[in-house]
Amino acid sequence: RKGGFQHYMLKEIFEQPDAFANTLSVVKRCNEFIDQIRNAHSVTVVACGTSANASMVFSYLMERVCHIPTRVVLGSEFKYFPTPGTDLVIGVSQSGETADTIAALKLAKNLGAQTLAVTNVLGSSITRVASSVLYTRAGPEISVAATKSFISQVAAFMQITNLLSDHQIEFELAEIRRYLPDVLSLDLSKAVELCTAADTLLYIGRGMFYPVAMEGALKMKEISYIHAEGYAAGELKHGPFALLSPETPVIGMCFPDAVYPVMMSNLKEIKARSAPLIALGRKDDKDLDEVADVCISLPAVSEYGAVVLSSVILQQLAYHTAVALGRDVDMPRNLAKSVTVE
Ligand code: M6R
C-alpha cells in the first residue's frame with residue numbers, strides 16, 4: 001500500500017505533482033464557488049495547522065493580486081474575535097473533521113456570514129456546514145503530516161487567484177507543474193546533517209515565504225521532534241536573534257524578487273552571529289552561495305513557483321531528518337490525523 005516507499009509520507013510527497021495538477025483542473029470547474037469570492041467585500045479564512053499556513057499564502061495572494069481584504073484566523077481563536085462585518089468566511093480543512101474549524105464556521109454562519117468550505121474529503125462534516133464546497137481532490141492522505149493536501153490547497157488558492165484576477169498567472173502555474181517532479185529527489189544530506197545535530201531551528205522568509213517558513217517549521221517539529229519556529233525574516237531582530245549560535249541553524253528562503261536585497265542582508269546578519277545557514281535560492285546565485293553554509297538550489301522559476309517548490313523541499317528536509325533520527329515518521333507521538341475535539 002505504500003507503493004514501494006518506506007513511508008506513506010514519502011509516497012505522498014511524490015504524489016504532489018499529480019495532486020497539484022488535479023486540483024488546478026478541479027478548481028477551474030468551480031464557477032459558483034469562485035463567484036462567491038469574487039462578490040465578497042472581505043474574506044475571513046478559518047483553519048488550523050497546515051491548512052492555516054496554506055490559507056496564509058491565500059491571504060497574500062488575495063490582497064496582492066485580487067485586492068480583496070483577506071484575513072486568516074485560527075479555528076480555535078475565531079470565537080474570540082468573530083468580526084461581525086465579514087461577509088464571507090471560508091473554512092479550510094484537509095480532513096473536513098477538525099472540530100475547531102467546524103465550530104468557527106458554524107459560528108460565522110450563525111452571525112450571518114456566508115460560508116464556504118475547502119476540503120479534501122468527500123462528504124466530511126465541514127461540507128454539511130458550508131453553503132458551497134470546493135474539493136481539492138488530492139487523494140487520500142494517510143501520514144499524519146500533511147504534505148500533498150497542503151500543496152493541493154495552495155494549488156486551489158493559486159487557481160482561484162488566477163481566475164479572479166486580471167493579471168492571470170497561467171504561465172506560473174504551468175511552470176510549477178513542469179518543475180515539481182525535479183525537486184522530489186534532491187540531495188539534502190548536508191542540510192539534514194546540520195538539522196539532526198540541532199536543538200532548535202529557525203525558518204525565515206518574507207511575503208509568501210513567511211507562511212512557507214511556518215509550514216516548514218511545523219513539518220520539522222511534528223515528525224523529527226526538533227524545536228523549530230517559522231518567522232517573518234524582519235521579526236528576527238525583535239527577539240529571536242538572541243537564540244542565534246553555532247548550534248542554531250537558520251533556514252532562509254531568498255529568491256531574486258523584490259525582497260531579495262533586504263533578505264540577503266538578513267542572511268548576512270545571521271552569518272555574522274555564527275549560526276549555520278541553510279539557504280533555499282535560485283541556482284547560479286553566487287552571492288547566496290557565498291553567504292550560506294549549505295545552498296539548496298531551485299530551478300529559475302517565478303515567485304509563485306518558488307513558494308511551491310520550496311514547500312516541497314522543506315517537507316523532504318523534515319522527512320529525511322526524522323528518518324535519520326529514527327522517528328516514527330507516519331505516526332508521530334501524541335498526534336492524530338484529525339483533531340475532532342475543540
Ligand atoms: O484536517 P485539517 O486540515 O483540518 O487538519 C488541521 C491540522 O490538524 C493539520 O494540518 C496538522 O497541523 C497536520 N498534521 C500538520 O502536518
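**View 1. The largest pocket of this predicted model has a volume of about 570 Å³.** Its lining is made up of 25 residues, and those that lie nearest the centre of the pocket are C48, G49, T50, K337 and V339. Two or more lining residues come from each of the elements α4 (49–66), β3 (88–93), α5 (99–110), α6 (148–164) and α9 (209–224), with α9 giving the most, four residues. By residue class, the lining of the largest pocket divides into eleven polar, eight nonpolar and six charged residues.

**View 2. The largest nonpolar core has 83 residues.** Within this core, the residues with the most contacts are I37, M158, I160, Y203 and L317, while helix α12 (residues 303–324) supplies the largest share of the core, namely twelve residues.

**View 3. The surroundings of M158, one of the residues with the most contacts inside the largest nonpolar core.** When residues up to four places away in sequence are not counted, M158 touches L61, I169, L173 and I176, and also Y304, V307 and V308.

**View 4. The setting of C295 in strand β10 (residues 294–298).** C295 counts as partly exposed because its relative accessibility is 27%, a value that falls between the limits of 20% for buried and 50% for exposed residues. Leaving aside residues up to four places away in sequence, C295 touches A279, L288 and D289. The C-alpha atom of C295 is separated by 42 Å from that of N31, a residue 264 residues apart from C295 along the chain.

Conventions: Residues are numbered from 1 along each chain as its sequence is written. This is a predicted model: local features need pLDDT of at least 70, side-chain atom pairs count only at pLDDT 80 or more; totals for chains, interfaces and linings use all residues. Side-chain values use heavy atoms; hydrogens and water are left out. A nonpolar core is a set of buried Ala, Val, Leu, Ile, Met, Phe, Trp, Tyr and Cys residues joined through side-chain atoms within 4.5 Å. Buried means under 20% relative accessible area, exposed over 50%, partly exposed in between (1.4 Å probe, protein chains only). Contact means heavy atoms within 4.5 Å. On a 1 Å grid over the protein atoms alone, a cavity is a set of points where a 1.4 Å probe fits but cannot get out, and a pocket is an open set with protein on both sides within 12 Å along at least five of seven lines; lining residues have an atom within 4 Å of a point. Grid points are joined across faces, edges and corners, and a volume is the space filled by probe spheres set on the points. Ala, Val, Leu, Ile, Met, Phe, Trp, Tyr, Cys and Pro count as nonpolar, Asp, Glu, Lys and Arg as charged, and the others, Gly among them, as polar.
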